[in-house]
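Let's take a look at this protein together. Have the sequence and the 3D view ready.

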Amino acid sequence: MEIRHNWTAQEVQALFDKPFMDLLFDAQQVHREYHPANQVQVSTLLSIKTGACPEDCKYCPQSARYRTDVEKERLMEVERVLEAAEKAKASGATRFCMGAAWKNPKQRDMPYLLGMIQGVKGLGLETCMTLGMLDAEQAKTLSEAGLDYYNHNLDTSPEFYGNIITTRTYQERLDTLSNVRDAGMKVCSGGIIGLGESARDRAGLLVELANMPAHPESVPINMLVKVKGTPLENVDDVDPFDFVRIIAVARIMMPKSAVRLSAGREDMNEQMQTLCFMAGANSIFYGCKLLTTPNPDEDADMQLFKKLGINREAVSQKPDQVTEHDLLEQVAERVASRPQEGDLFYDASV
Ligand code: SF4
């Protein structure tokens, strides 16, 4: 199977129209050509700054525009992030993703973010962040600090996008992704299924992702978690077979990428998750909280892996010899040397 960047919507539709078993068989064949069979990579996601986001993503309980039960929290202290990362590592995660509900990070946030990246890498985990839009300079700074992956989802097709988000454009998302790529980081980008989009929009999202100059190394496919208080709380459910088909088509279109089961896994039974693995999903988020929506608990995941004979990808990095004490001193130095003085843990909730 060649790696292509010139998919058309018609070709993608033809894949969706295949008999279900044929599609799954093809996807599993592509999967085994490029990835070890029966192996799933496990990431843990921590919300390092929660709620009060100025963006208006209609699915998101963290937007300041909607009344949801999400409690706004300021940027987390570096020590607390590292404690969570240690726990994630002990539970078998190989990558630690840190998410902040921002339009974009501000200069004052950088010393803390860099401290988190360095500390998590020091534990021997891969690092990933999702912080909103990045300019070229910010992307370079994060990359130089050792950030391995940056997540920024396209969410849906360009045509449907305006129905879901009005505060940032599709082009701004693509610009952030190219800044990330140019800075030498790996790209994590995918979308959300169940926003009320059509089959054509689902194909359109996959075409956008697969026709990038390089495929994202990681492609999270989320199933909408309907949260009370958001404009999408009553949207129709996604048909489970349609969701599995999307995983399979993503696998075929982006053979080398890790296709990740992300938000919405809580609402998938074991059988549906198994079909997703059969269709080529080979990465999951693991842990009790997926930003602010529930995620199956770790034990249930491990039991399912055991039933299926799935192995977790091993930790790939050696821990650096940096102590937490050294690291916090470095953060304090960076904070002290930035133009505006401030408390070590300031309120960065907006
Ligand atoms: S930018 Fe992120 S945190 Fe903010 S509303 Fe959109 S999805 Fe939620």
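Leaving aside its neighbours within four places in sequence, which residues is Cys 97 in contact with? They are Ser 43, Thr 44, Leu 45, Leu 46, Cys 128 and Phe 285, where contact means heavy atoms within 4.5 Å.

## Before we dig in

This is a predicted model, so local features need pLDDT of at least 70 and side-chain atom pairs count only at pLDDT 80 or more, while totals for chains, interfaces and linings use all residues. Residues are numbered from 1 along each chain as its sequence is written, and side-chain values use heavy atoms, with hydrogens and water left out.

The structure has zero disulfides, a disulfide being a pair of cysteine sulfur atoms within 2.5 Å. Cys 97 is in none, and its nearest cysteine sulfur, that of Cys 128, sits 3.9 Å away.

Cys 97 is found in strand E2 (residues 95–100); strands are DSSP runs of at least two residues, labelled E and numbered from the N terminus. Cys 97 counts as buried because its relative accessibility is 2%, and Cys 128 does too, at 4% (buried means under 20% relative accessible area, with a 1.4 Å probe and protein chains only).

## What the record marks

An unreviewed UniProt entry annotates Cys 97, Cys 128, Cys 188 and Arg 260 as "binding site". They are spread over 164 residues of sequence, yet cluster in space, with a largest C-alpha distance of 14.0 Å. UniProt positions follow the numbering used here, feature names are shortened, and annotations may be inferred rather than shown by experiment.

Cys 188 lies in strand E5 (residues 186–188) and is buried, at 2%. Not counting residues up to four places away in sequence, Cys 188 touches several residues, including His 152, Pro 220 and Arg 260.

Key: Buried < 20%, exposed > 50% of the residue type's maximum accessible area, 1.4 Å probe, protein only. Helix = DSSP H or I, 4+ residues; strand = E, 2+ residues; numbered from the N terminus.
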